Amino acid sequence: MHTLTLAELSNGIKSRRFSSVDVTRHFLDRIERLNPALNAFITVTADQALAQAAAADQAIAAGKGGPLTGVPIAHKDIFCTDGVLTTCASKMLSNFVSPYDATVVRKLKEAGVVMLGKTNMDEFAMGSSNETSWYGPVKNPWDLTRVPGGSSGGSAAAVAARIAPAATGTDTGGSIRQPAALTALTGVKPTYGRVSRYGMIAYASSLDQGGVLTLNAEDAALLLTAMSGFDERDSTSVDLPVPDYTATLNQPLKGLKVGILKEFFGQGLEASTESLVREALKVYEQLGATLVEVSLPNLPLSVPTYYVVAPAECSSNLSRFDGVRFGYSCDSPKDLLDLYTRSRGEGFGAEVKRRIMTGTYVLSAGYYDAYYIKAQKVRQLISDDFRRAFAQVDLLAGPTAPTTAFGLGAKVDDPITMYLNDIYTIGANLAGLPALSLPCGFSDGLPVGLQLIGPHFAEAKLLNAAHQYQQQTEWHKRVPAGYES
Amino acid sequence: MSLTRHDVENIARLARLALTPADMASLSDSLPRILTFVEQLGAAQTAAVEPMAHPLEGQSQRLRSDTVTETDAHERYQQNAARVEAGLYLVPKVIE
């Protein structure tokens with residue numbers, strides 16, 4: 001049952017081959033058995049899940065179910081969940097019980113989706129390996145000595161190990177796509193503004209976007225159709241109708257123009273990753289797409305741009321953690337300043353402090369123009385490069401990550417090496433573009449991801465292109481050893 | 001790019017972060033390296049470029065009408081606070 005896709009589980013529940021309670025119990029059992037070695041979950045909401053599943057079964061019996069009624073998923077612990085611990089993998093929020101649901105959580109709840117629990121992540125989504133979590137690192141089910149990627153590493157490990165059929169994630173600089181690539185999943189970051197950020201704990205607000213990690217493009221289409229849409233509670237939410245993303249999955253790709261991103265095939269890209277990505281592009285040619293090389297000259301500046309803009313926004317967003325209204329509060333503060341500084345100093349982990357400090361510096365008097373304004377100008381140049389490219393092609397393609405999953409601890413001591421891991425994913429965030437990663441092969445038993453980037457609001461085209469590839473290939477069906485049964 | 005110990009302490013003061021000696025050592029090493037890394041942006045030609053204001057072109061911040069939409073939930077919200085009394089958040093004495 002656990003190797004079935006979300007779409008297959010939904011069909012099975014609707015046709016009463018099994019109940020939502022059966023499915024939910026099956027995944028809860030797997031979590032109990034397999035999660036200790038993975039550390040993919042921070043909180044498991046078993047009782048609540050079984051109650052939601054029973055309600056879903058009743059709805060279906062009454063003839064009221066929708067396409068997602070009764071299917072269980074996991075939520076990244078960055079999404080606020082009413083009455084449930086919401087930690088963002090930080091000591092700072094290790095006691096925070098959210099008093100409300102994030103819009104994403106509410107919409108999926110209303111669609112009848114069952115929540116299995118909350119997944120581990122990098123602290124406040126700051127990291128690319130899931131090693132900055134206060135709850136400890138997550139292990140990659142393809143090799144337990146390696147990282148699953150980050151920041152949505154718990155969601156990735158949970159779905160790859162088939163202890164959850166699908167999971168939500170968030171992507172600020174690659175945090176859905178990179179872990180999806182490192183664990184052989186389909187991971188989608190929608191257009192900025194497509195999915196509400198309300199109740200999604202903020203890291204860098206002009207880049208953050210919620211999305212999904214799934215077994216295939218069809219499951220991603222199902223979830224995104226339910227999750228997306230205008231929300232008056234998010235001031236950057238876009239008021240455009242949401243298409244049914246499942247309706248266009250089967251469109252032929254004949255005539256599709258795919259731009260091969262020249263800057264993504266240079267120095268730093270592992271040779272085996274490159275050859276698998278080029279193989280995948282050949283499949284697109286066989287499907288009728290035309291490949292053209294495209295150059296985005298400012299794209300190599302995306303990592304330094306990000307490491308000014310994101311820390312700047314993070315230092316501002318995380319100023320809300322003051323030890324007063326919610327979150328960790330230090331013992332016996334001697335005055336107000338002591339309360340603020342010690343609550344923050346003791347509550348935040350090393351990488352979060354590093355980004356707050358970087359952000360505070362680049363926004364401080366005398367440095368604001370040289371760093372922050374300069375980065376926002378380069379961000380415009382990168383965005384313009386993408387706009388010019390999409391005047392020529394429908395989609396852009398390249399690798400998702402420069403290498404396969406690296407060893408736990410391999411990059412923790414060097415922040416810049418860690419930051420460069422997101423070199424291919426950050427551009428889409430800076431320009432607010434939708435992008436996805438899909439599995440395109442294995443190198444020494446470790447998954448490799450192909451990245452597709454589209455113009456604003458081209459989610460349907462991206463999912464269509466991913467689905468068509470998945471009709472020709474079997475990479476997305478592979479299950480890591482030890483997790484088949 | 002180099003930062004003195006005083007510079008790091010000053011940034012920490014602005015950020016309202018109490019740093020341990022281990023934090024100080026780590027940040028004194030990594031912050032200058034990060035700032036040096038991002039200084040490659042200086043090479044980009046941006047004289048005629050406006051700083052980007054929004055990831056989607058033509059979008060502006062939406063405003064809502066100034067009406068009450070939320071109901072009172074302060075008791076619920078204050079359950080997450082460390083120190084509360086009579087519906088108020090407690091902080092150390094500010095005015096002597």
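Let's start where two helices of chain A touch: A:Ala280, A:Val283 and A:Tyr284 from α8(A) meet A:Ala465, A:Ala466, A:Tyr469 and A:Gln472 from α15(A). Keep in mind that this is a predicted model.

**Where α8 meets α15 in chain A**

- Sorted by class, the residues in the contact of α8(A) with α15(A) are six nonpolar and one polar, with no charged ones.
- Two packed helices are described by the angle between their axes and by how far apart those axes are.
- Here, helix α8 (residues 271–286) of chain A and helix α15 (residues 459–472) of chain A pack at about 95°, and their axes are 10 Å apart.
- An angle from 65 to 115 degrees counts as roughly perpendicular, so α8(A) and α15(A) are roughly perpendicular to each other.

**Helix α11 of chain A, and what covers it**

- Helix α11 of chain A runs over residues 350–363, which makes 14 residues.
- From its first C-alpha to its last, α11 of chain A reaches 20 Å, close to the 20 Å expected at 1.5 Å a residue.
- How many of the 14 residues of α11(A) are buried? Twelve of them are, and the helix is mostly covered.
- Among the buried residues of α11(A) are A:Glu351, A:Lys353, A:Arg354 and A:Arg355, along with A:Val352, A:Ile356 and A:Met357.
- The cover over the buried residues of α11(A) includes α9 (302–317), α10 (336–347), α12 (368–392) and α13 of chain A.
- With α1(B), α11(A) packs at an angle of about 95°, the axes being 9 Å apart.
- That angle makes α11(A) roughly perpendicular to α1(B).
- On the chain A side, A:Met357, A:Thr360 and A:Tyr361 of α11(A) make this contact, and on the chain B side B:Val8, B:Ile11, B:Ala12 and B:Leu14 of α1(B) do.
- By class, the contact of α11(A) with α1(B) counts six nonpolar residues, one polar and no charged.

**Aromatic rings**

- Over all chains, the structure holds 18 aromatic pairs.
- One of them is A:Tyr100 with A:Tyr198, a tilted pair at 5.3 Å centre to centre and 40° between the planes.
- A:Tyr100 sits in the loop between β2 (72–76) and α4 (103–110) of chain A, and A:Tyr198 in the loop between β5 (186–189) and β6 (210–214) of chain A, so the pair ties together parts 98 residues apart in sequence.
- A:Tyr100 has 28% relative accessibility and counts as partly exposed, and A:Tyr198, at 21%, counts as partly exposed as well.
- For A:Phe124 and A:Phe348, the ring centres are 5.9 Å apart and the planes are at 70°, so this pair is edge-to-face.
- A:Phe124 is in the loop between β3 (114–119) and α5 (153–160) of chain A, while A:Phe348 is in the loop between α10 and α11 of chain A, so the pair ties together parts 224 residues apart in sequence.

**A buried asparagine in a loop**

- You'll find A:Asn421 in the loop between α13 (415–419) and α14 (426–430) of chain A.
- A:Asn421 has a relative accessible area of 3%; the cut-off for buried is under 20%, so A:Asn421 is buried.
- Leaving aside residues up to four places away in sequence, A:Asn421 touches A:Ser128, A:Gln178, A:Pro402, A:Thr403, A:Phe406 and A:Lys411.

**Backbone spots to look at**

- Most residues other than glycine have a negative phi, and most peptide bonds are trans.
- A:Arg16 has a positive phi of about 65° although it is not a glycine, and its place is the loop between α1 (6–14) and α2 (20–38) of chain A.
- A:Arg16 counts as exposed, with 56% relative accessibility.
- A:Ala184, not a glycine either, has a positive phi of about 65° and lies in the loop between α6 (177–182) and β5 of chain A.
- A:Ala184 is buried, at a relative accessible area of 3%.
- Where is the cis peptide bond? It joins A:Gly150 and A:Ser151, with omega at about 10°, and A:Ser151 is in the loop between β3 and α5 of chain A.

Note on methods:
Residues numbered from 1 in each chain as written. Chains lettered and ligands numbered in written order. Predicted model: local features only at pLDDT ≥ 70, side-chain atom pairs only at ≥ 80, totals over all residues. Heavy atoms only, no water. Axes fitted to C-alpha atoms, helices over the stretch in contact; angles between N-to-C directions. Helix = DSSP H or I, 4+ residues; strand = E, 2+ residues; numbered from the N terminus. Parallel < 35°, antiparallel > 145°, perpendicular 65-115°, else oblique. Contact = heavy atoms within 4.5 Å. Nonpolar A, V, L, I, M, F, W, Y, C, P; charged D, E, K, R; others polar. Buried < 20%, exposed > 50% of the residue type's maximum accessible area, 1.4 Å probe, protein only. Expected span 1.5 Å × (residues − 1). Phe/Tyr/Trp six-rings, centres within 6.5 Å; stacked < 30°, edge-to-face > 60°.
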